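Please examine the structure shown below, with attention to its strand pairing, its surface and its charged side chains. The paragraphs that follow take these topics in turn.

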Amino acid sequence: MTNRHHLSKFLSFLCFVLVSYSLIGQSILSGIVTDEAGEPLIGANLIVKGTSEGTITDFDGSFSFTTSASFPLTLEASFTGYNTTEIELSGATDNITITLQEGILLGDDVVISASRKREKIQEAPASISVISAKKILASAQTTDPARTLINTPGVQISQQSASRINIELRGQSALFSTGVFPIMDYRSLVGPGIGTFQASSVGISSLDLQRIEVIRGPGSALYGPGVVSGVIHFITKNSIDNPGTSIEVFGGELNTVGGALRHAYASPSKKFGFKVNVQARRGDEFTLDPVEDAEQIARLRTTVAQPAVTNGVVDVTKPSTEIYSFADLDPDGDGNPMSNDWSNLSVNTTFEFRPQDDLSIFVSGGYNKGKEVFYNSQGEGLFQAEEIWTQARIQKGGLFAQVFYVDNDGGSQERPTFLYQTGLRTPVARKQLEGQLQYNFSVPSLKADITAGIDYREAFQNTENLVYGRNEGNDDYRIIGGYAQGKFAISDKLDLVLAGRYDTFNFMDEGFLSPRVAVV
């Protein structure tokens with residue numbers, strides 16, 4: 001018994017010595033990690049450089065851990081979407097404050113479209129796919145960058161003609177319009193109230209794309225009415241971070257040829273930059289065989305005319321003005337009046353100002369011109385239109401604001417948009433003005449991250465009474481909406497997202513509410 005008693009004492013003493021020895025040289029490092037606005041960063045990584053000792057911040061952005069490294073030492077702080085920061089420490093401290101600056105380049109694990117703010121892809125309240133610049137340039141779909149989406153889960157690509165495609169998500173299927181909301185650098189690429197998306201005629205260049213974000217699921221709570229199946233965001237490269245000159249020349253089936261040029265400049269101070277994109281493409285169209293498709297060709301008119309209008313409606317009792325003769329429609333003389341080719345041209349430029357690390361100002365403008373066969377409920381048609389656009393955008397911390405304007409002529413009398421089975425010009429010109437103002441902030445007492453904003457959207461349609469007839473004066477489309485979204489931390493691994501949007505319309509007496517609930 002005595003020996004056992006002595007052995008027990010010896011083991012206890014040995015454990016005490018070992019524990020005491022293990023604590024010798026241990027130092028405690030603690031503090032907080034925030035962004036430039038002073039908001040805590042949850043899940044930021046802290047590590048003593050050259051060791052494996054470290055931790056991550058909690059919901060308040062706080063951290064605390066012990067290290068056996070000797071002083072002086074370097075504490076490295078990092079967070080996805082922010083620049084890594086190193087802090088030199090000469091001794092142990094419990095009041096370290098680290099401020100991380102928002103990074104300029106985004107990795108594939110950070111998205112900005114699901115909640116209209118920067119967040120980790122695994123924390124976003126939606127199913128998201130990201131197509132990086134490397135994947136875009138490696139794709140064989142050079143003639144239209146939108147075709148790189150063809151292998152993206154949940155995306156359906158409908159081939160309407162050689163150059164015209166339609167995009168749908170999550171099992172939606174529409175031939176003539178889309179429930180997807182396509183945007184480029186936050187600028188809408190689909191006409192309000194029209195729902196059509198001419199992917200080949202909006203100036204998307206493979207050379208200038210930084211990434212494509214595909215957000216599957218309804219997005220009306222943040223992006224407005226009609227976003228029933230998802231958002232596709234084409235994000236271009238900043239000139240300050242991606243200076244240089246790139247040239248692309250390509251060719252393919254159906255005699256498709258084209259080329260693109262991107263030139264970007266950044267000042268030595270990295271506070272000013274600009275870029276210019278130019279691209280032109282053309283190719284052969286899917287054509288009807290004069291023999292095998294003779295019955296279908298017979299239904300097509302051999303001329304295109306501008307009908308007379310009386311009292312706001314087409315007047316069939318008066319003669320129309322011929323725009324295209326059969327020789328104009330069928331220059332190769334094969335008897336098929338449908339266009340044998342398609343083409344598009346785009347030019348755009350962007351000026352970027354970055355006077356502060358957390359402040360970016362963009363001023364952009366461009367010109368697009370396209371020609372392509374299309375199909376709708378009235379049959380085959382030829383789309384020809386010219387478009388000019390301009391956009392201004394500012395981002396500072398949690399503040400986002402933008403305004404943009406689009407003027408699309410819908411097809412002039414010299415280059416008309418028309419239907420082959422009626423032989424009549426069918427212009428749908430529009431002037432579109434939109435503005436958005438949004439602010440994102442955190443409420444630590446509620447363990448919540450809040451996003452709130454207002455939108456203004458207006459489109460003026462002009463069909464010259466050839467499409468909307470006597471309703472021409474009642475086709476304006478105006479929406480004013482406000483929205484709010486909150487992400488609440490229920491636990492370390494569970495977030496509750498609540499969102500709601502309320503819109504008022506110029507053509508409806510009552511407003512419209514779009515709610516959203518998600519668990520992440």
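**Strands, surface and salt bridges**

In this predicted model, strand S1 (residues 27-34) pairs with S4 in the antiparallel sense, over six bridges. Within this pairing, Ser30 stands opposite Ser64 in S4. The two strands belong to an open sheet of three strands with the order S4-S1-S7 and mixed pairing. Its edges are strand S4 (62-67) and strand S7 (93-99), each of which pairs on one side only. From one strand to the next, the twist averages 25 degrees.

On the surface, a nonpolar patch is formed by Ile247, Val249, Leu261, Val278, Leu345 and Val347, which together have about 510 Å² of accessible area. Strand S17 (244-252) and strand S24 (341-356) each supply at least two of the patch residues. Leu345 lies in strand S24 and counts as partly exposed because its relative accessibility is 33%.

The charged side chains form 18 salt bridges. In one of them, the closest N and O atoms of Asp208 and Lys275 are 3.0 Å apart. This pair links distant parts of the chain, 67 residues apart: Asp208 is in the loop between strand S14 (187-188) and strand S15 (209-216), and Lys275 is in strand S19 (residues 272-284). Asp208 is buried, at 5% relative accessible area, and Lys275 is buried as well, at 4%.

Arg457 and Glu434 form another salt bridge, with closest N and O atoms 3.4 Å apart. Arg457 in strand S30 (residues 448-462) and Glu434 in strand S29 (residues 429-443) are 23 residues apart, and both are buried. Elsewhere, salt bridges that share partners join Arg282, Asp284, Asp341 and Lys371 into one network.

Notes:
Residues are numbered from 1 along each chain as its sequence is written. This is a predicted model: local features need pLDDT of at least 70, side-chain atom pairs count only at pLDDT 80 or more; totals for chains, interfaces and linings use all residues. Side-chain values use heavy atoms; hydrogens and water are left out. Two strands pair if DSSP finds at least two bridges between them. Helices (H or I, at least four residues) and strands (E, at least two) are DSSP runs, numbered from the N terminus. Axes are lines fitted to C-alpha atoms, for helices over the stretch in contact, and angles run from 0 to 180 degrees between N-to-C directions. Patches are made of residues with over 30% relative accessible area and no salt bridge: like charges are joined within 9 Å, nonpolar side chains (Val, Leu, Ile, Met, Phe, Trp, Tyr) within 5 Å. Accessible areas come from the Shrake-Rupley method with a 1.4 Å probe; for residues, only the protein chains shown count as cover. A salt bridge is a side-chain nitrogen of Lys or Arg within 4 Å of a carboxyl oxygen of Asp or Glu. Buried means under 20% relative accessible area, exposed over 50%, partly exposed in between (1.4 Å probe, protein chains only).
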